[in-house]
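Me: I would like to learn how to read the features of a protein model. Could we take them one at a time?

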Amino acid sequence: QVHLVESGGDSVQDGGSLRLSCEASGYTYCMGWFRQAPDNQLEGVASINSDYRTQYADSVKGRFNIRRDNTKNTVSLYLNSLKPEDTSIYYCAGRDRAPCTLGPSDYGDWGRGTQVTVSS
């Protein structure tokens, strides 16, 4: 089991940018970012495997960028061109085997989340 801690959440204006960071206590094959949808369901935002292959939700493609540092067991999510509908709690999660997906049920290790608020 890997312990995950997120940081970087903040309040920004429409069109602003943020960087979220997640530190893992150890190696995990796949690291992903998720957020709570308006119906309180978790939705996948972005994922990256240990070979740096990435996936993005359609709603964030071209605006968000996920990166990882395998030497430090960290993953970052760069949020650009933020919109009010991006407001949510963002969670970091880890999965110890392939495939790397955007499905929350595929991940076994979770952080506590960090709040992102985008105001218009």
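Me: Is C22 buried or exposed?

Reply: A note before the answer: this is a predicted model. Buried means under 20% relative accessible area. C22 has 0% relative accessibility, so C22 counts as buried.

Me: To which residue does a disulfide join C22?

Reply: The partner is C92, with an S to S distance of 2.1 Å. C92 is likewise at 0% relative accessibility and counts as buried.

Me: Is the disulfide of C22 and C92 left-handed or right-handed?

Reply: Read the torsion about the S-S bond. For C22 and C92 the torsion is about -80 degrees, so this disulfide is left-handed.

Me: How many disulfides does a search of the whole structure find?

Reply: The search finds two. Besides the pair already described, a disulfide joins C30 to C100, with S to S at 1.8 Å. C30 sits in strand β4, and C100 in the loop between β9 and β10 (109-110), 70 residues apart. The torsion about the S-S bond of C30 and C100 is about 70 degrees, so that disulfide is right-handed. Both C30 and C100 are buried.

Me: What is the pairing when the bonded cysteines are numbered in sequence order?

Reply: The pairing is 1-3, 2-4.

Me: Now for charges. What can side chains of opposite charge do?

Reply: Side chains of opposite charge can pair when their charged atoms come close. This structure holds five salt bridges. In one of them the side chains of R35 and D86 meet, at 3.0 Å from N to O. R35 lies in strand β4 (residues 30-36) and D86 in the loop between β8 (74-79) and β9 (88-95), so this pair ties together parts that are 51 residues apart in sequence.

Me: Are R35 and D86 buried or exposed?

Reply: R35 is at 5% relative accessibility and so counts as buried. D86, at 1% relative accessibility, counts as buried too.

Me: Which residue meets D86 in a salt bridge at 2.7 Å?

Reply: That residue is R63, and the 2.7 Å is taken from N to O. R63 is in the loop between β6 (54-56) and β7 (64-69), while D86 is in the loop between β8 and β9, 23 residues apart. R63 is buried, as is D86.

Me: Which residues are linked with D86 in a network of salt bridges?

Reply: The network links R35, E43, R63 and D86.

Me: With which residue does R97 form a salt bridge?

Reply: R97 pairs with D96, and their closest N and O atoms are 3.0 Å apart. D96 has 58% relative accessibility, so D96 counts as exposed.

Me: How many bridges join β3 to β8?

Reply: Six bridges join these antiparallel strands. As a case to find in the model, S21 has S76 in β8 as its bridge partner.

Me: Last, the interior. Where do nonpolar side chains tend to be?

Reply: In soluble globular proteins, nonpolar side chains tend to be buried together. In this model the largest nonpolar core has 25 residues, and W33, L77, L79 and Y90 have the most contacts inside it. Two or more residues come from each of β3, β4, β5 (42-49), β7, β8, β9 and β11 (114-119). The most come from β3, which gives four residues.

Me: Which residues are in contact with L77, leaving aside its neighbours within four places in sequence?

Reply: Among them are L18, L20, W33, V45, F64, I66 and Y90. Another core, of six residues, lies apart from the largest one, and includes Y29, C30, A93 and Y107.

Notes:
Residues numbered from 1 in each chain as written. Predicted model: local features only at pLDDT ≥ 70, side-chain atom pairs only at ≥ 80, totals over all residues. Heavy atoms only, no water. Salt bridge = Lys/Arg side-chain N within 4 Å of Asp/Glu carboxyl O. Buried < 20%, exposed > 50% of the residue type's maximum accessible area, 1.4 Å probe, protein only. Disulfide = S-S within 2.5 Å. Pairing = 2+ DSSP bridges. Core = buried A, V, L, I, M, F, W, Y, C linked by side-chain atoms within 4.5 Å. Contact = heavy atoms within 4.5 Å.
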